[in-house]
Amino acid sequence: MTYLARTEKLQNYVHNVDTSFAAEGPPWTAASNSKIITTAVELYQGTEVAYTPTSGATNVVYECDFTAQHTPDGSKSHMNTRLQYSDDDGSSWNDINGCTLYLGTELTSGSTDYDWLVFNLSFIIDTWSGERKLRLAGRSDTTSDEYIIGRSYNANQTEGPGSCPHVSIYSIV
C-alpha cells in the first residue's frame, strides 16, 4: 500500500540538532553537557527549541529522538520525562498536560547491564500565538535508577559522545 503525504497540511517545519552537545570521559563523571539525571527535574540537553506556530494552525507537533543509558545505575533506569514550555524566554517552565511519560527498563535482581535505550517521542499539542520555547525535561524515579541522556555505544565497543538529540517541530494547518 502506498501513502502520499499531504505536505500542504504541514507548515513551518524546523529541525534542530544541537551539535554543541558533547560529553567527554566516562559517563559517571557526567562531564560537559552529558549529566546524570537525578531526582530533580532537569533539562534534556539539546532538546530546547523556540517556535512560533503558523497562523491558522490547529496543532503543533514536537518530535524528539534521543538515547539514554543506565549509568550510573547499571540495573535500571526509570525516567519521568515531560514536555515543557516557557512563555518568558526560559525563566520558568511548565509541564504540558498529557505530555508526561514514565519510561525505562529494569533487569532481574542481581544483574547489571548498562542498557542503551533509544527513544522517539512525538507529541501533538494545541497551538498558541507568539513565540514559545519547548523542551524535554525529566527526573529519575529514585536515586537508584538515575540515567544519562545522549551517550552512545560505539563500534569499537566503547561509549562516548555522539548521540545528540534531534528535534523536529511543525504546525498542522
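Which residues do ring pairs link into a cluster? I began my notebook with that one, and the answer is Y44, F66 and F119. A reminder to myself before going on: this is a predicted model.

**Entry: overall layout**

I looked up the secondary structure and found 13 strands and 0 helices. Reading from the N terminus, I noted β-β-β-β-β-β-β-β-β-β-β-β-β. The protein has 173 residues, and 43% of them are buried. I then checked how far apart in sequence the contacts reach. Of the contacts with a separation of 6 or more, 79% are between residues 24 or more positions apart. The exposed surface comes to about 8900 Å², with 48% of it supplied by carbon and sulfur atoms.

**Entry: rings**

I found 4 aromatic pairs in the structure. One of them is Y62 with F123: the ring centres are 6.5 Å apart and the planes stand at 45°, so I logged the pair as tilted. Y62 belongs to strand β5 (residues 59–69) and F123 to strand β8 (residues 116–126), so this pair ties together parts 61 residues apart in sequence. Both Y62 and F123 are buried.

**Entry: charges over rings**

Next I went looking for arginines above aromatic faces. R132 has its charged end over the ring of Y85, 4.0 Å from the ring centre. R135 lies over the face of W93, and there the distance to the ring centre is 4.1 Å.

I stayed with R132 for a while. R132 sits in strand β9 (residues 132–140). Is R132 buried or exposed? Its relative accessibility is 15%, under the 20% cut-off, so R132 counts as buried. The side chain of R132 also has a polar contact of 3.0 Å with the side chain of D87. Setting aside residues up to four places away in sequence, I listed V49, A50, Y51, Y85, S86 and D87 as the residues that R132 touches.

**Entry: R82**

R82 is in strand β6 (residues 76–86), and its relative accessible area of 9% makes it buried. What does the side chain of R82 meet in a salt bridge? I found the side chain of D95, at 3.5 Å from N to O. D95 is in strand β7 (residues 94–106) and R82 in strand β6, 13 residues apart. D95 is partly exposed, at 36% relative accessible area. A polar atom of the R82 side chain also lies 3.3 Å from the backbone oxygen of N80. With neighbours within four places left aside, the contacts of R82 include V41, C99, T100, R135 and L136.

**Entry: the salt bridges around K133**

There are 4 salt bridges in the structure. K133 pairs with E48 at 3.5 Å, N to O. This pair links distant parts of the chain, with K133 in strand β9 and E48 in the loop between β3 (42–43) and β4 (49–51), 85 residues apart. K133 also pairs with D89, this time at 3.1 Å. Here D89 comes from the loop between β6 and β7, 44 residues from K133.

I then compared how covered these residues are. K133 is buried at 17% relative accessibility, E48 is partly exposed at 31%, and D89 is exposed at 57%.

Notes
Residues numbered from 1 in each chain as written. Predicted model: local features only at pLDDT ≥ 70, side-chain atom pairs only at ≥ 80, totals over all residues. Heavy atoms only, no water. Phe/Tyr/Trp six-rings, centres within 6.5 Å; stacked < 30°, edge-to-face > 60°. Helix = DSSP H or I, 4+ residues; strand = E, 2+ residues; numbered from the N terminus. Buried < 20%, exposed > 50% of the residue type's maximum accessible area, 1.4 Å probe, protein only. Lys NZ or Arg CZ within 6 Å of the ring centre and 35° of its normal. Polar contact = N/O pair within 3.5 Å; in protein donor to acceptor, adjacent residues only side chain to side chain. Contact = heavy atoms within 4.5 Å. Areas by Shrake-Rupley, 256 points an atom, 1.4 Å probe, with all protein chains shown as cover.
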